[in-house]
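Reader: I am new to this structure and would like to learn how its features are read. Could you take me through a few of them?

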Amino acid sequence: MKSNAAYVPKRTISNTSRSSSSNVEAKSNKNAQYLRLKLVKDAASSEDIIIQFKPTASEKYVFNEDAAYLQGFGNVNLCSLSSDNIGLAINVLPLPGKAPDAIKLDVQATSSSMLQLNLVEINAIPILYDVWLMDKFANDSLDMRQNKSYSFKLDKTDTASFGANRFTLVIRQNPAYAYRLINFDAVKIRGGHSFVRWATNYEGDYTHFVVERSNDDGLTFNIIGNVLPTGTGTYSFTDNNPLKGLNIYRLEQEDVNKTTTYSNIADVLFDGQNKTAADNSLSIYPNPAINMINVVINPNVNEETSFVINVMDGAGKVVQNGSTTGQTSWQGSITTLQPGTYFVRVSGAKTQSLVGKTRFVKL
């Protein structure tokens with residue numbers, strides 16, 4: 001939020017020279033995250049400012065990073081205020097975290113008139129961030145991503161209708177567009193490798209993905225790869241060196257607020273010297289689960305046409321058995337199970353050979 005420190009008087013040069021330098025600097029980098037606001041009275045009277053976002057910027061005025069506002073001789077004047085109340089033509093600051101940022105705007109005019117505040121440009125600011133104009137005098141607000149022009153009356157006889165205490169630009173995260181993981185799984189592919197894949201929404205270019213693997217039944221996990229976000233929503237990683245036995249994978253995710261979360265786990269089982277005999281031909285969802293689980297059997301793994309499905313506890317004891325299906329998908333109730341970690345083991349009904357084994361968590 002902006003402070004109540006003493007306001008620094010503005011110096012005076014022409015409006016034209018100040019506005020032009022603002023636009024050139026902000027547009028010099030097409031990937032720069034910024035928005036441009038314009039105060040308009042008529043075709044001959046307008047002024048614009050830049051608010052730019054950089055992770056390393058300070059909310060206070062910084063010489064050679066921000067550009068101090070220099071008031072010209074036009075009929076309207078507009079600047080934003082730094083957190084230490086410096087009037088700025090270019091205000092460079094970080095995008096907000098979980099708490100919103102409120103940027104004061106100083107609006108002036110030489111006479112009473114109808115004016116417009118317009119969002120004329122918004123560049124590379126993730127959809128995660130809402131941009132709201134708050135009008136304290138009129139007790140009004142406007143979502144400027146959806147409606148880019150706000151009309152208002154400035155009355156020179158009422159000091160509350162202009163100056164630095166009427167308008168605030170609020171930048172805040174919208175939970176509807178927060179990063180989320182849609183699904184995560186792992187499958188065995190030719191060559192004795194594990195193929196880990198996941199899908200996301202709203203990862204932007206700020207989410208960090210780390211693929212981890214456990215080979216001690218989930219007691220410890222080790223990092224085996226890092227994946228950068230691309231904004232495509234679909235990602236994958238190939239583990240070229242899975243170990244014999246059960247390989248348990250999970251995804252570590254760090255979002256824009258530096259909050260770390262973990263995905264569900266996904267199992268791939270390799271059995272034998274060449275790591276090709278058994279395994280993951282299974283996927284399970286939801287995981288964790290409360291009442292029901294769905295098991296999908298990869299039909300390409302072997303030639304089995306009928307399957308026996310057992311549910312085992314962490315010690316390997318069968319707690320639900322006898323389910324047989326001729327389909328590659330199966331649904332079962334787990335309502336009688338106590339909360340904890342369990343395994344689903346699928347074997348061929350005729351050969352009794354292992355088709356796959358995967359883990360789930362009962363909530």
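Reader: How many of the seven residues of strand β16 are buried?

Author: A residue is called buried when its relative accessible area is under 20%, exposed when over 50%, and partly exposed in between, using a 1.4 Å probe and protein chains only; strands are DSSP runs of E with at least two residues, numbered from the N terminus. In this predicted model, six of the seven residues of β16 (residues 208-214) are buried, which leaves the strand mostly covered.

Reader: Over how many bridges do β16 and strand β19 pair?

Author: Two strands pair if DSSP finds at least two bridges between them. β16 and β19 (residues 245-254) pair over seven bridges in the antiparallel sense, and β16 is also joined, antiparallel, to β17 (residues 222-227) by five bridges. Glutamate 212 stands opposite arginine 250 in β19, while in β17 its bridge partner is isoleucine 223.

Reader: Is alanine 109 buried or exposed?

Author: Alanine 109, which lies in strand β8 (residues 101-109), counts as buried because its relative accessibility is 6%. Contact means heavy atoms within 4.5 Å, and, leaving aside neighbours within four places in sequence, alanine 109 has contacts that include Val76, Leu115 and Leu154.

Reader: Where does pLDDT stay under 50?

Author: pLDDT is the predictor's confidence in each residue, from 0 to 100, and it stays under 50 over residues 1-27. Where pLDDT is low, the predicted coordinates should not be read in detail. The mean for the protein chain is 86, with 87% of its residues reaching 70 or more.

Note on methods:
Residues are numbered from 1 along each chain as its sequence is written. This is a predicted model: local features need pLDDT of at least 70, side-chain atom pairs count only at pLDDT 80 or more; totals for chains, interfaces and linings use all residues. Side-chain values use heavy atoms; hydrogens and water are left out. Helices (H or I, at least four residues) and strands (E, at least two) are DSSP runs, numbered from the N terminus.
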